[in-house]
Amino acid sequence: MRRVLAGIGITLLLLLPGCDFKEIDLRIFVLAIGVDQGAEEGNFKISLKLAIPQGDVTKIDEKMQILTEESPSISEALRRMKSRVEKELDYSHCKSIILGEEVARKDILHVMDWAVRRRDIQLIINFAIGRPEALQVLKVRPESERIPSNSLILAMSGQGTESPFISSVYSYQLMRNVFEEGIDPILPIIETKGEKEFLIDKIALLNNEKIKMVLTPNETRLYNLLSRPNLRTNLPAHSEGIMFQYYTERSSSHYKIVTPEQGKATIRYHIKIKGILEESSSPDLVTHSMLEKIAVAGEKELEVDILALLTKIQASGLDPFGWGLHYGARHFNNDTEMKVWKELYSKLDFQVKADVDIKYSGMIR
């Protein structure tokens, strides 16, 4: 009996496939993917930014390569590019997918669907829009960059710079917000400034498939102030003809949807900020009473700016904050809640209350 079992075991072992692992020196790592509109209608122009391992950790300047291929299919373009390199293309370290603005203004669904289906691309990959096109963004290499595409990775992930203008969007978030009722997706915009610099200070608001609106840098900052806690930024306050800037050491934003039986539905925002005075256009000494006046002036300016942003977004018919999702979670009729919300949304009123506490006048030496 033991001999029979041993024979069966050996037979099964012979049927097992061998290891498909390739050594690191037989791989080329894809760090970023660019998707642009092709020269022919219906084609994609796919670009890969590759890092070529040098095998010496003391090297401070890694080699990089960009491959570009045009095809009606993203998968076909990638297969063709495998024939142009001598090593295996490895996507396990790919951190960014950049969509050309022309693609993003037409349809993002095809690219997004491919990215989440692809087995070797992580769901925490960053999506962004490249202006004027994705290929130009991939070609940018800042002087401070030592690893190919590392500047994009650090900027988009928040591991490096902590800019109040940058919003990170992962592929799983984009997929969820595209198909979820009650919330619309956003994507950051990366603009090229020559061959050695890029700028990320705007976000695009999308419906389920393409760009519908682009926010200005200041509107982008306010969007981030409302959508995430403790945004580190500076905000203006004008008091008695003097310009002040205060730094937001801590910030929080909460809202409540009020739907009375009579009267208009209202979204009430409450923003709390604890700040430090960072700049003054006057050399006069800033006293405690002056700090209180600056805080009141800052509250009024912030309320006006946020109200203008909310009204602008409402007029577009988009909902990047997920107000509809919030409403649906508190009204339990799945057949009618989204229909009722759509009727309410266009007629909503907004109320904004800002509490700014400037506790410190800065350090004067």
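Which residues does S253 touch, not counting residues up to four places away in sequence? I found L225, L226, Y269, H270 and I271, with contact taken as heavy atoms within 4.5 Å.

I noted that this is a predicted model, in which local features need pLDDT of at least 70 and side-chain atom pairs count only at pLDDT 80 or more, while totals for chains, interfaces and linings use all residues. Residues are numbered from 1 along each chain as its sequence is written, and side-chain values use heavy atoms, with hydrogens and water left out.

I placed S253 in strand β11 (residues 242-258), where helices (H or I, at least four residues) and strands (E, at least two) are DSSP runs, numbered from the N terminus. S253 is buried, at a relative accessible area of 18%; buried means under 20%, exposed over 50%, and partly exposed in between (1.4 Å probe, protein chains only).

I then turned to helix α4 (residues 109-117), whose buried residues are V111, M112, W114 and A115. Seen down the axis of α4, these fall within an arc of 160°, so they line one face of the helix; the arc is that of the directions from the helix axis to the C-beta atoms.

I also looked up L5, which sits in helix α1 (residues 2-15) and is exposed, with a relative accessible area of 52%.
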